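The following report describes selected features of a multi-chain model. Please consult the sequence and the structure shown here while reading.

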Amino acid sequence: MSRRFVSSVGTALVAAVVSFPALAGQARKAPAKTATWTVPHTPWGDPDLQGVWNDATSTPLSRPGGLSDKQVLTDEEAAEFQRELAYNLTRDRRDGGAQADVNRAYNEHWMDARRLTITKDHRTSLIVDPPDGRIPPLVPLSPERQQARAARADAAARFAAGLPDNHEDLSLPVRCIIRTDSPPYLPTIYNNDFQIFQSPGYVAIAPEMIHSARIIPVDGRPHIGSTLRQWLGDSRGRWDGNTLVVETSNFRTDQGVIFQDADPATFRITERFTRVDAQTIHYEFTVEDPHTWTRPWTAMIPWTRIDPAEQMYEYACHEDNYDIVHLLHGARIREKNGETVPKRIPER
Amino acid sequence: MRTRLSFVAGGIGALLALAATPVVAHHAFNAEFDANRPVKFRGTVTKMEWVNPHAWIHIAVKKPDGTMEDWMIEAGTPNTLFRRGLTKQSLQPGMEVIVDGYQSKDGALRANGRDLTLPNGQTLFLGSSGTGAPYDTPPKKKG
Amino acid sequence: MRSRIRSVLIPVGSAAAVALLWLVVTATAGQAPTAGRFPSYRAPRLAGHSDLNGVWQALVTANWNIQDHDAQPGVHPELMGAYGAGPAGQSVVEGGEIPYQPWALAKKKENFEKRMMVDVTDDKKWHDLGDPELKCYMPGVPRATYMPFPFQIVQGSGDYILIAYEFTTTTRIIRMNWKGEAPADSWMGWSRGRWDGDTLVVDVTDLREQTWFDRAGDFHSDALHVVERYTPISPYHLMYEATIEDPKVFTRPWKISFPLYRRMEDHIQLLEFKCVPFTEELLYGRLRRQPGQASQ
């Protein structure tokens, strides 16, 4: 699944085989206890999550091969793990040939430096359940979804060749419709920032890309009617002790709107935000879809406070999205010059 | 005993393969910019667009025959630079920059700014905070 | 006989009715709402300041034209009929007219004539044509306030206030008592807030010059400076005022004002108006591959 997903977005990949020293035992590192710290509350009594937070990390979502039983690394192993990941992710590398070089796009100055560091708890994956730290096996797709996926893969192949037919061949992020603002929130190469605002009865989460906010009522009101469909769904929150629990439904049914192209009719997501210390929120999400995965799975990503030293800035996207014109106009010129899209070999 | 660790990497691939929205896959760079048409030139900044999703540096380049060409150089999100303390004052028209990149496949005077430096060799937008540990050398392998 | 009695009773009844009415009027004098007048009001407090939380919306037709405007057929009436027509409205500009410099009126006229034209095929002329609203660009300040869509103020106990607008899911962050400058221009500007008694005052600078004030082509330069005031005037109204200053385009500062109404529907919330997909054919349709062109 992940390999197909990767090819479907047409990225050039440099497969890295990294050797680790023999990893002994399964020493599990217990989280450090800060018995004296208590969550501050807003004047109206809700746990205080307000601030600007960053979720960048190099810890992969799924546990890398060869580490299936090892959830947490020792300090020495963690340093090595971080170094290996950073070497693979850094944009300052110029090796690997011209294709790899051009695909790295820019240098490290444009990237979020925090994405070269692993999580402080030294986990080997962001996924905490299932215990092997991997996305669960996939359920076979229905014929309709298979066809839809094949059509999208064709569009992605056209895009990857630089020859998209029209703007619909481009992905939602390229079109500046949604980017990292659709739940669940996952780290990316830059602008991994979220600002949380609170008021009586609400928690608002504003991701940097693309300038939207989820304004989440915590007063127990029902969801909007089931025929109302939104790109970011409809979220409802409640406090479970010091944890904000958010359920989101009413997603649109367009392809690619739902995380990993799961089935919008049966996809469910629950997110949990817990402030664990002055500088940290633990963001945990559980997703399930019996039409996509054989079981639910959960990941936890720590968020680090960055304000006031660092701020979130406006991320306008559609307004100056010259890239779309370059991609489409460029495609028309190259077609005139006789270029064609290489035939896509369907995945088995 | 060696434990082989293999995972798909390469900058874009690792996290993005498993990410919700493939933000950088948005730009199949080697599909739009030609690996076989590297460019390296020195030019004078005429305009800097501090915009998303990509900043654009407009430079005037003097060709060997003396005529001028206007190039547009694509860069990353300016928001990262803002957080490093840079502002629109940090790159003014008239400054000289050296562009190391790859030209657009359709032949337009447009390039991917793979590496941007000043004539003195300093990386453009280095900023006071730097980039942290240098990760561009392979880590030492342990036996 | 009966008629005479009736004819006697009626005037007496009328007098009594009139007398009663007079008493009622006198007793309720000052309680009947009068347009433009609000009795003195102090909003509840939140963390020491007026609580401005809520979903709000303007009812003026300023997005069509912030000055006096007659009803209009709108664009493509041969297709749109009454659907596309615009209502009449009175100016929200204090004094009625925008004090343009003489040269600027020609530019406004040109904007209006080209408001439906779009051509993004040349990067250098990307923003030259068309109303930014048409293209689903963020509306800037103050236009976002009087778009015909609700917006929500999320005000808490921190140093920031969020204003989220339904139109293209625009957000802006008001930084309270902020010293730092904007690193660059932005579509919704750089907003620094402070309290002036019960009024939230927001100083907005570094706005992208490409935003318009309305569909009539009213415009500004990169020197635009807006100072907004949000004042609670009843449990259900804020008074919104914005002072606009731009020495490159106007002869002096000028001001707009109108009430904002609290949306009172049960379980009101902002819904999504992500309009980018509605504009893609308009913007990029001419770049489609045509049938017959080789591709795969």
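## The barrel of chain C

In this predicted model, nine strands of chain C form a closed barrel of 9 strands in the order β3-β4-β5-β6-β7-β8-β9-β10-β11, and their pairing is mixed. From one strand to the next, the twist averages 30°. Strands of a sheet pair through backbone hydrogen bonds, in either a parallel or an antiparallel arrangement.

Strand β6 of chain C (residues 170-176) and strand β7 of chain C (residues 190-196) run parallel and are joined by 3 bridges. C:R175 has C:R192, in β7(C), as its bridge partner.

## Chain C as a whole

Chain C contains 4 helices and 11 strands. Of its 296 residues, 33% count as buried. Among the contacts in chain C with a separation of 6 or more, 57% are between residues 24 or more positions apart.

## The contact between chains A and C

How many residues of chain A are in contact with chain C? The contact involves 43 residues of chain A and 43 residues of chain C. On the side of chain A that touches chain C, at least two residues each come from β4 (193-199), β5 (202-207), β6 (214-217) and α5 (322-336) of chain A. The element that gives the most to this side is α5(A), with 7 residues.

By class, the side of chain A that touches chain C comprises 22 nonpolar, 13 polar and 8 charged residues.

## Confidence in chain B

The mean pLDDT of chain B is 76, and 68% of the residues of chain B reach 70 or more. Over residues 1-26 of chain B, the pLDDT is below 50; in the model, this stretch has 93 contacts beyond near neighbours in sequence. Residues 127-133 of chain B also have a pLDDT below 50, and this stretch has 10 contacts beyond near neighbours in sequence.

## A residue in helix α2 of chain B

B:A31 belongs to helix α2 of chain B, which covers residues 29-32. Is B:A31 buried or exposed? B:A31 counts as buried because 23 C-beta neighbours lie inside 10 Å, and the cut-off for a buried residue is 20 or more.

B:A31 can also be placed relative to B:W56. These two residues are 25 residues apart in sequence, and their C-alpha atoms are 19 Å apart in space.

Definitions and conventions. Residues are numbered from 1 along each chain as its sequence is written. Chains are lettered from A and ligands numbered from 1 in the order in which they are written. This is a predicted model: local features need pLDDT of at least 70, side-chain atom pairs count only at pLDDT 80 or more; totals for chains, interfaces and linings use all residues. Two residues are in contact if their C-beta atoms, placed from the backbone, lie within 7 Å. Ala, Val, Leu, Ile, Met, Phe, Trp, Tyr, Cys and Pro count as nonpolar, Asp, Glu, Lys and Arg as charged, and the others, Gly among them, as polar. A residue is buried if 20 or more other C-beta atoms lie within 10 Å of its own, exposed if 12 or fewer, and partly exposed in between; C-beta atoms are placed from the backbone. pLDDT is the predictor's confidence in each residue, from 0 to 100. Two strands pair if DSSP finds at least two bridges between them. Axes are lines fitted to C-alpha atoms, for helices over the stretch in contact, and angles run from 0 to 180 degrees between N-to-C directions.
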